[in-house]
Structure formats: structure tokens, C-alpha cells
Amino acid sequence: NFSKYKADLAGLYQADLRALPETLKNEAMEALHDSDFERVKGFLEVIPELSLLPCGEDVSIRTTIHERIRSKFSHCLTSAEDAWEKQDLRRLDRQLKMIKSMSDSLSGCEDLLPSGWREDFESKLRTKVNQHDRAARDFLQSSTDEWDSNIKEFGRELVLLARIYDYLPEFASVASSAKVKIDILLDCCQGSSEGILFLFKLGMLLENGQCGDLVDGAVSSEDQRIAKQIVMDYRQFSEVRTVVWNQQTAWVARKDPSEIISEFKVQPDEASVSFVPGTLRHGYDLYKEAYQAHLDAWQEAGMDDEAFLSSLAGEAIRSAASVAPASSEHWDQQCKDQLPQILASVSAYFTISKSGKAFKELARAGEDEERIADPNQLLKQPHAVQILACLRMLGYDSIGDALNSHLLQVRTGEGKSVIQ
């Protein structure tokens, strides 16, 4: 009985099979439009298999897809060239990533895509890096009297170099070269007679978004972002980062210790035995007096910082040794009385070792022209909330001769790292 259905079955799916090449072409075009190049590659691999089907292999399908791929590749290259000419590095990065994706997926298709595009762009990038490097070096070779008047232009050259490593990380060797050149340029500044003060001023200009290309009379938001990143990335701007940190946390530094203590929250069962606000404030006042005395002595001593720090460390060790042996089981009033002095010595050591050299050099370099409004902003100093937290953790205000455990919650921006 099957024979009577044979004629009907012989033509089954023939129409779909004959339409397959056109369907495949349309699917490939859609994948190409969506930049799904792995899918395009899959369609190209299937085309030869059409010869096994009744429709046969249609050479024009392969040709059409190849032409469309080359057209898209050419369009991306043209767009990349235009972005490069206009120094639109964000668009350039986007186009180069698409070109790379096409090359990676379709490189197995012989003679489909041109080779050498990456080397061409890398050569152009290196030329640009060297151009900005030379412009910056020309600035450094001018007299230091001209540095102040052209400082923003020098900062702009640094921003233009940083753009390359920020926007084009795919070109790792060129990006690394741009980073190294910035580091060398900043080292050249640091080694000059005006270096310390110049770097500080340059860093503040970068941090405040005053170096880069102008858009509607102001530095573009992207260049401002990159300029701030330069300040964060390079060791030569450590003093600027200190000033920025002090400015950003000024609201914490300005808080009165009594106000901070009033905001402390303790468990009701602890309030009567381990939290005495008046005692805590007294401990902070003792600390502040001793800390400031250390800083005043340091500035007046005239000795090198290493010698003063050694003396300071010895004083802290002697204070701690005077109450030894001490333990959490034996934490009497004699131990507690030494805590403000020890904390003051440790804090002064932290301040001087972290920022003392820069403070002295910049304050001395800028005092004649009063170019640094407040030299104290150059010092890394613990805030009141940090010292009060340490006094609480060390049981300065507790009643009794045992050191109780404490769990402190410190709000964002109030300096947990220094407390630790």
C-alpha cells in the first residue's frame, strides 16, 4: 500500500530545501548586523554542505555574504580612522574592538579580511604617544620661570597620554609605554629645583579638573575624570592625595569631640560600667595636648625626621613598658592613664612618617609666595572619632580592672583603616 503514497512523499520538504540558501543568507545578514561574528562563521561553514541537498550549493550566496562582511569591516576601519583623526578615543576603542572580534572569528576564512590593520593602528598610537611625550619634554626644557605660566598645557599633555592607556587597553604595549612616559616626566619634575612645589600645584590642577581639552569653555568631563585618575595612579602626587583626603574628610575633622561622644550608642547594661563620657573627653584632651606637643617639637627640633621618629618610638615604648606586665585581666588605672600618651606618640609617628617630609619641603618652598594656603592640609592626622574609638576599645573610660571586649560600628568616611 506504500506505493500509492510514494509520489506524494517524494516531494516532501522540497520547497523548504530549495529555499534554504536564501534563508541561510538572510540569517547570516542578520547575525552580521548584530555583530554576532561567531554565528556568521557558523553559517559560512555550512554553505559547502548545501551541495548535498537538492537545492545544491549556490556560489552567489557565499559571494554575497563575503561582500557584506568585507563591507562591514571596511566601514569599521573607516569609522576608526575618523575617530582617530578627531581623537574620539572612546569611539575608536569601540570600533577597534569590533574589528578585532571580526578578525578573531573569521580569520580562518582565507583571504576574507585584510591583515595588518592592528599593526597600522599600533604604529599610529606609538607616534601619538611620542608626540605628546616630546611636547611635555619641551615644556620641561624651558626655564622654570615659564613653568607656572604653562603648567596647564603640561597637564594637558599628561591627560592626552593617559587617554591612550585609559581608552585603549587592548593595545597593551602602547598603553604601558604611555604609563611609563608619564612616570618619567613626573620624575623629571621632581628632580628640578621647583619640582616639589610644581608637582603639588600640577596635582591640584589635575584633581580640580583644570587640565585637558575645553568644551564650551570648560575642561571636558572625560578629561576631568582622566586627570583625577592620574593623581590617584602616580606616586608623585601622594601629597595631593593627602590634601584631597583632608578636604573630603574635613566634616569629620571639624566635629567637636563632645558631639562625637554624644552620638555613641552603647548597650544599656554597659552604660553604667564601661562608658563614662566625661572620662572619655578628658582622655581625648590629654591625647590632643600631647600629640600637638610632639608636632611642635618636631617642627622646632631642626633634626632630621628619622632621628626624631626614633626618639618618638622610644618614648612610646617606655610609656608602654612602665605599666608592664599588663593584660586584659589586669587593666588597672595605671595602664589607662598611659593610653593618651601612647596614642599621641603613635599618632605623631604616623603623621610625621607618612607626610612629614612633604610638609616641610612644600611649606618651605611655598612660604615666600604664600602659594600654600594651609600647610597643615599636607599632614595625615588621625581624626577625633578615630582616637575616641581607640580609647573606647582600650577601655580608657571603663570602670574596673579588666579590659572588656568591644564591637564598634564606625560610619563610612570616618576612618576604619586608621583605627585598625
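**Exercise 1.** In which helix is the place of S319? Determine also whether S319 is buried or exposed.

*Solution.* The model is a predicted one, in which local features need pLDDT of at least 70 and side-chain atom pairs count only at pLDDT 80 or more, whereas totals for chains, interfaces and linings use all residues. Residues are numbered from 1 along each chain as its sequence is written, and side-chain values use heavy atoms, with hydrogens and water left out.

Step 1. S319 belongs to helix 16, which covers residues 305-321. Helices (H or I, at least four residues) and strands (E, at least two) are DSSP runs, numbered from the N terminus.

Step 2. The relative accessibility of S319 is 13%, so S319 counts as buried. The term buried means under 20% relative accessible area, exposed means over 50%, and partly exposed lies in between (1.4 Å probe, protein chains only).

Step 3. Leaving aside residues up to four places away in sequence, S319 touches Q338 and I342. Contact here means heavy atoms within 4.5 Å.

Step 4. F308 also lies in helix 16. With 8% relative accessibility, F308 counts as buried. F308 and Y349 are 41 residues apart in sequence, and their C-alpha atoms are 9.0 Å apart in space.

**Exercise 2.** Describe the chain as a whole: how many helices and strands does the secondary structure contain?

*Solution.* Step 1. The secondary structure comprises 19 helices and 2 strands.

Step 1. The chain has 420 residues, of which 41% count as buried.

Step 2. Of the contacts between residues at least 6 apart in sequence, 72% join residues at least 24 apart.

**Exercise 3.** Which residues of helix 3 are buried, and where do they lie around the axis?

*Solution.* Step 1. Helix 3 covers residues 37-46, and its buried residues are F37, V40, F43 and L44.

Step 1. These residues span an arc of only 110° around the axis, so they lie on the same side of helix 3. The arc is that of the directions from the helix axis to the C-beta atoms.

Step 2. An α-helix has 3.6 residues a turn, so residues three or four places apart point the same way.

**Exercise 4.** Locate S35 and D216, and state the phi value of S35 and of D216.

*Solution.* Step 1. Most residues other than glycine have a negative phi.

Step 1. S35 is in the loop between helix 2 (14-33) and helix 3. Its phi is positive, near 60°, in a residue other than glycine. At 25% relative accessibility, S35 is partly exposed.

Step 2. D216 is in the loop between strand 1 (214-215) and strand 2 (218-219). Although D216 is not a glycine, its phi is positive, about 55°. The relative accessible area of D216 is 81%, which makes D216 exposed.

**Exercise 5.** At what angle do helix 5 and helix 6 pack, and which residues make the contact?

*Solution.* Step 1. Helix 5 (residues 89-106) and helix 6 (residues 117-141) pack at about 155°, and their axes are 11 Å apart. Axes are lines fitted to C-alpha atoms, for helices over the stretch in contact, and angles run from 0 to 180 degrees between N-to-C directions.

Step 1. Helix 5 and helix 6 are therefore roughly antiparallel. Angles under 35 degrees count as roughly parallel, over 145 as roughly antiparallel, 65 to 115 as roughly perpendicular and the rest as oblique.

Step 2. On helix 5 the contact involves L92, L96, I99, K100 and S103, and on helix 6 it involves W117, R118 and F121.

**Exercise 6.** How do helix 9 and helix 10 cross, and which residues does G203 touch?

*Solution.* Step 1. The axes of helix 9 and helix 10 (residues 221-233) come within 7 Å and cross at roughly 140°. The two helices are therefore oblique to each other.

Step 1. The contact is formed by G203, L206 and E207 of helix 9 with A227, K228, I230 and V231 of helix 10.

Step 2. G203 is part of helix 9 (residues 195-207). Its relative accessible area is 0%, so G203 is buried.

Step 3. G203 and A227 are 24 residues apart in sequence and 8.7 Å apart in space, C-alpha to C-alpha. Not counting residues up to four places away in sequence, G203 touches V231, F237 and V240.
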